[in-house]
Amino acid sequence: MTLDMLYIFCRWVHFSALLLLTGSAFYSALLAPRRYQPVLSQRLMPLLTLCVILTLLSALAILAAQTGLMSGDWRNIARANIWWAVMQTGFGHAWCVQLLGALLAGLALATGGSTRQRLLLLCGLLQLCGLALVGHAAMLDGWPGALQRVNQAIHLTGAAFWAGGLLPLLGLMRDAQLPQQRSAAIQTMMRFSRYGHLAVALTLLSGIVNTAFIVGWPWPANNDYRLWLTIKIGLVALMLCTALFNRYWLVPRFSMPGSRAQLWFVRATQLEIATAGLVVISVSIFATLQP
């Protein structure tokens, strides 16, 4: 595996783990009713713990890979002075936010109760905002640059609520089958659906604005960056269609006798999760290319 491929893989792991960490923490910290929060938090803790570990390890791996790429020789990863030089760059300064957020999330695991869930959510949001300080989202200076960074932070937060909340949603579907958890699980899913509309809208609108900042509108897919961006847009469109199908076609049919709507809802959500994974892969690739 080349250093470029390793960098792309580490970005995919980091983005995926961070989206899932933040999306899951939204449930346990904000969406679940108070009586259901301890149950849901305990159920999500293995997933949250794994995501915290992956975000920290992948953040370190990205920094190491970037050190090799910036210096032009992967063997320089073993040289402390090269690491120090990279840390003095704009990327290095911004990446300190990622490392700080990942370390704080690790410390948050040592706390308990609702405090732990809120701290994990805050650490996830901190790291998402930190990602807005690097890459193409940080290509402009002055007030256009500040606006672009804020827009990217909104984009990533909306994506985390939407895409990062899909895997926990499958667990809530199982809880909705249990008499003792049914009411709370349904209420949590209804809150996710309600605020999910806003998250999806913010993700799409901020994505349009971000594309306008970077490549302008309209644009021909005449290089690799724009080709992968086009692929991403197509995948997001598939996610949107799947989400609308779930919410407005399948959900109203849950209570119909003999309906298989709930089974189809699970299958469609699994498709949405897989599509979200492909979106993150495309982002991890075109983020390394020139617009």
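Asp175 is buried in this predicted model, with a relative accessible area of 4%. Buried means under 20% relative accessible area, exposed means over 50%, and partly exposed lies in between (1.4 Å probe, protein chains only). The side chain of Asp175 meets that of Arg43 in a salt bridge, at 2.2 Å from N to O. A salt bridge is a side-chain nitrogen of Lys or Arg within 4 Å of a carboxyl oxygen of Asp or Glu. The structure holds one salt bridge. Arg43 lies in helix H2 (residues 37–71) and Asp175 in helix H7 (residues 166–175), so the pair ties together parts that are 132 residues apart in sequence. Arg43 is partly exposed, with a relative accessible area of 41%. Helices (H or I, at least four residues) and strands (E, at least two) are DSSP runs, numbered from the N terminus.

Residues are numbered from 1 along each chain as its sequence is written. In this predicted model, local features need pLDDT of at least 70, side-chain atom pairs count only at pLDDT 80 or more, totals for chains, interfaces and linings use all residues, and side-chain values use heavy atoms, with hydrogens and water left out.

Helix H7 also packs against helix H10 (residues 261–286). The axes of H7 and H10 come within 9 Å and cross at roughly 160 degrees. Axes are lines fitted to C-alpha atoms, for helices over the stretch in contact, and angles run from 0 to 180 degrees between N-to-C directions. H7 and H10 are therefore roughly antiparallel to each other. Angles under 35 degrees count as roughly parallel, over 145 as roughly antiparallel, 65 to 115 as roughly perpendicular and the rest as oblique. H7 passes H10 in a left-handed crossing. A crossing is left-handed if the near helix is turned anticlockwise from the far one by less than a right angle, and right-handed if clockwise. On the H7 side, the meeting residues are Leu166, Leu167, Leu169, Leu170 and Met173. On the H10 side, they are Gln262, Phe265, Val266, Thr269, Gln270, Glu272 and Ile273. Contact means heavy atoms within 4.5 Å. By class, the contact of H7 with H10 has eight nonpolar, three polar and one charged residues. Ala, Val, Leu, Ile, Met, Phe, Trp, Tyr, Cys and Pro count as nonpolar, Asp, Glu, Lys and Arg as charged, and the others, Gly among them, as polar.

Helix H2, which holds Arg43, packs against helix H4 (residues 90–108) at an angle of about 160 degrees. Their axes are 8 Å apart. H2 and H4 are therefore roughly antiparallel to each other. Their crossing is left-handed. Among the H2 residues that meet H4 are Val52, Thr55, Leu56 and Ala59. Among their H4 partners are Phe91, Trp95, Leu99 and Ala102. By class, the contact of H2 with H4 has 13 nonpolar, three polar and no charged residues.

Ala102 lies in helix H4. Ala102 is buried, with a relative accessible area of 1%. Not counting residues up to four places away in sequence, Ala102 touches Val52, Thr55, Leu56 and Gln127. Ala102 and Phe26 are 76 residues apart in sequence and 17 Å apart in space, C-alpha to C-alpha.

Two further buried residues can be described. Thr67 lies in helix H2. At 0% relative accessibility, Thr67 counts as buried. Thr67 touches Asn76, Ile82, Trp83 and Val86, not counting residues up to four places away in sequence. Ser24 lies in helix H1 (residues 3–31). Ser24 is buried, with a relative accessible area of 0%. Leaving aside neighbours within four places in sequence, Ser24 is in contact with Leu44, Leu47, Leu48, Gly164 and Pro168.

The axes of helix H6 (residues 142–164) and H8 come within 8 Å and cross at roughly 145 degrees. The crossing of H6 and H8 is left-handed. By class, the contact of H6 with H8 has 14 nonpolar, ten polar and no charged residues. Tyr195 lies in helix H8 (residues 182–214). Tyr195 is partly exposed, with a relative accessible area of 44%. Leaving aside neighbours within four places in sequence, Tyr195 is in contact with Leu31 and Phe161. The C-alpha atoms of Tyr195 and Gly106, 89 residues apart along the chain, are separated by 28 Å.
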